[in-house]
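This report describes selected features of one protein model. Please keep the sequence and the three-dimensional view at hand while reading.

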Amino acid sequence: HRDTLAALRSAKALIVSNSQMHAHAADFHDRVYVLPGGVNASVISPKPAPENKKKIILMVGRVDDPLKGLGTLLEAGEALSRKRNDFEVWATHFDLSASQGWYRALGWLDHAEVMRRYAQADLCVVPSIWDEPFGLVAIEAMAAARPVVAARVGGLQDIVEHGQTGLLFPRGDAAELARALDHLLDRPEMRARMGAQGRAVVERQYDWGVIIRHRYLPMIEEL
């Protein structure tokens, strides 16, 4: 611990990925920069949501990691299934045998296939139960013009603007997640508006060209 603190204080600056980490790092250094991750927005086409027979709720990433919150999503899906049968939950989980009823495991997919799945989805969920340092899948979903329902944790609460680009819910709260999903599933106009606003936010803040010009280059010049 002593060596870690000494290393932090000897650095010219610290780089973190969200405002929560900035608040902690500021205790150890007087020059801390928040530099988010990003996407190449120009290569992600924001296509209109498809007219699926059943609405698709998509979760991508390292879904097999319990900290990513698939358990919370499945619990919310079970509650939702007792009320309605017009949706499916798709997740990039390796266990295809777990697919049944409203849940479909997609297996591990390469990035190009993940991007195709965004285009097939109506909305995306990031139900992490740990403090995500950033939340790249939320950025990708927004770039694809899909609303994001995310846990209010770590970097996700910086990325998703509640009521504007998606909805936030308390960490691990399956009942609140089910309510958020139920709310959006019945409101295609809201989903479209949130998706368009999310795309605009990505173009303004999370495109790599913007991040380099407005964050990296000023930091490098200052240092």
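In this predicted model, a right-handed β-α-β unit is formed by strand 3, helix 3 (residues 70–81) and strand 4. The two strands of the unit, strand 3 (residues 55–59) and strand 4, run parallel and are joined by five bridges. Within this pairing, Ile-56 stands opposite Glu-88 of strand 4.

Strand 4 also pairs with strand 5 (residues 103–105): three bridges join them, and they run parallel. Here Val-89 has Tyr-103 of strand 5 as its bridge partner. Strand 4 itself (residues 87–91) is mostly covered, with four of its five residues buried. The pairings of strand 4 are set out below.

| Partner of strand 4 | Bridges | Direction |
|---|---|---|
| Strand 3 (residues 55–59) | five bridges | parallel |
| Strand 5 (residues 103–105) | three bridges | parallel |

In soluble globular proteins, nonpolar side chains tend to be buried together. In the model, the largest nonpolar core comprises 58 residues, and Tyr-118, Val-149 and Leu-181 have the most contacts inside it. Helix 7 (residues 174–185) gives the most to this core, contributing seven residues. Leaving aside residues up to four places away in sequence, Tyr-118 touches Leu-58, Val-60, Cys-124, Val-137, Glu-140, Ala-141, Ala-144 and Arg-146.

Helix 7 also packs against helix 8. The axes of helix 7 and helix 8 (residues 188–206) come within 6 Å and cross at roughly 100 degrees. Because an angle of 65 to 115 degrees counts as roughly perpendicular, helix 7 is roughly perpendicular to helix 8. The residues that meet are His-183, Leu-184 and Leu-185 on the helix 7 side, and Pro-188, Met-190, Arg-191 and Met-194 on the helix 8 side.

Why is helix 5 (residues 136–143) described as largely enclosed by the rest of the structure? The reason is that six of the eight residues of helix 5 are buried. These buried residues are Ala-138, Ile-139, Glu-140, Ala-141, Met-142 and Ala-143. Just after helix 5, Ala-145 adopts a positive phi of about 65 degrees.

Methods: Residues numbered from 1 in each chain as written. Predicted model: local features only at pLDDT ≥ 70, side-chain atom pairs only at ≥ 80, totals over all residues. Heavy atoms only, no water. Buried < 20%, exposed > 50% of the residue type's maximum accessible area, 1.4 Å probe, protein only. Pairing = 2+ DSSP bridges. Right-handed = clockwise from strand over helix to strand, strands pointing away. Core = buried A, V, L, I, M, F, W, Y, C linked by side-chain atoms within 4.5 Å. Contact = heavy atoms within 4.5 Å. Axes fitted to C-alpha atoms, helices over the stretch in contact; angles between N-to-C directions. Parallel < 35°, antiparallel > 145°, perpendicular 65-115°, else oblique.
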